[in-house]
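Subject: Structure handover

Hello,

Here is the structure we discussed. Please open it alongside this note; what I found follows below.

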Amino acid sequence: MKKFIVEDDFWELFPQARIGVVVCTGLDNSIRDDNKFKELLSQAEIKALTYLTEEQFSNNSVIKVWRDAYKKFRTKKGVRSSIEALLKRVHSGNHIGNINPLVDIYNSISLSFALPCGGEDIDKFAGNIRLTKAEGNEEFITLGSDESSSPYESELIYKDDDGAICRCLNWRESVRTMLTESTKDAFMCVELIDESRYQEFEEALNQLAYLINKNLGGTTEIQILSNVDKEILLTE
């Protein structure tokens, strides 16, 4: 049995937040159709630009809300949310390349709705996964590195029994649990801080589940965590 638990130290900072999860089982993430997913990303890039109406990039509300959020907990200097990184690339005229189907799909959703999205391989989790403040000694090895770079104490992270899975909310993930072409069961998430965008948040979750099921088969289940419903079951 594995659970996902959002602990009180997160809700104390963001009481109105929502964490949406799509639990996916029995997927085939080895499907190679780069042109299909490239088109999906291209359409998402076009939609993403509609969120960037202010001349100064940081003044756009979908950017500002996450910069303000990141000021509420300890972060590495210069860290920005995953959605800001994606939007900045599109704003600069750079395209988002193919990685693997699950990643391409969640990147397209992230861009289309201007919300942070991510995903991990459930089968690689050690025990429960928690969104919580770091102790500061968790092991964390990210892509392109072979050395652990532990999060800061009190940094908001996703973690399991073996260490950090994703640092600074949805900023950077561990290679240990990342989605690969061999992933069969996936934990996909969408983060919401701005409660005024709840309807878009729900649409993003529904579209994420739909695209995964349509393209990769398997089954999907959507669940939403709040400061009332703080945990869900991932696997029996």
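Contact here means heavy atoms within 4.5 Å. Bear in mind that this is a predicted model.

Start with the helix pair. By that contact criterion, I83, L86, L87 and V90 in α4 meet N107, S110 and L111 in α5. By class, this contact has five nonpolar, two polar and no charged residues. Helix α4 covers residues 82-91, and helix α5 covers residues 101-113. Their axes come within 10 Å and cross at roughly 80 degrees. Angles of 65 to 115 degrees count as roughly perpendicular, so α4 is roughly perpendicular to α5.

Next, S174. This residue sits in the loop between β7 (172-173) and β8 (186-192). Is S174 buried or exposed? Its relative accessibility is 3%, so S174 counts as buried. The S174 side chain reaches the backbone nitrogen of R176 at 3.0 Å. Leaving aside residues up to four places away in sequence, S174 touches E120, F140, I141, A164 and I165.

Last, two backbone points to check. Most residues other than glycine have a negative phi. S154 is not a glycine, yet its phi is positive, near 80 degrees. L169 is not a glycine either, and has a positive phi of about 55 degrees. Both lie in loops: S154 between β4 (129-133) and β5 (156-160), L169 between β6 (163-167) and β7. S154 is partly exposed, with a relative accessible area of 30%. L169 counts as buried, at 1% relative accessibility.

Best wishes

Technical notes. Residues are numbered from 1 along each chain as its sequence is written. This is a predicted model: local features need pLDDT of at least 70, side-chain atom pairs count only at pLDDT 80 or more; totals for chains, interfaces and linings use all residues. Side-chain values use heavy atoms; hydrogens and water are left out. Helices (H or I, at least four residues) and strands (E, at least two) are DSSP runs, numbered from the N terminus. Buried means under 20% relative accessible area, exposed over 50%, partly exposed in between (1.4 Å probe, protein chains only). A polar contact is a pair of N or O atoms within 3.5 Å; within protein, one must be able to donate a hydrogen and the other to accept it, and residues adjacent in sequence count only if both atoms are side-chain atoms. Axes are lines fitted to C-alpha atoms, for helices over the stretch in contact, and angles run from 0 to 180 degrees between N-to-C directions. Angles under 35 degrees count as roughly parallel, over 145 as roughly antiparallel, 65 to 115 as roughly perpendicular and the rest as oblique. Ala, Val, Leu, Ile, Met, Phe, Trp, Tyr, Cys and Pro count as nonpolar, Asp, Glu, Lys and Arg as charged, and the others, Gly among them, as polar.
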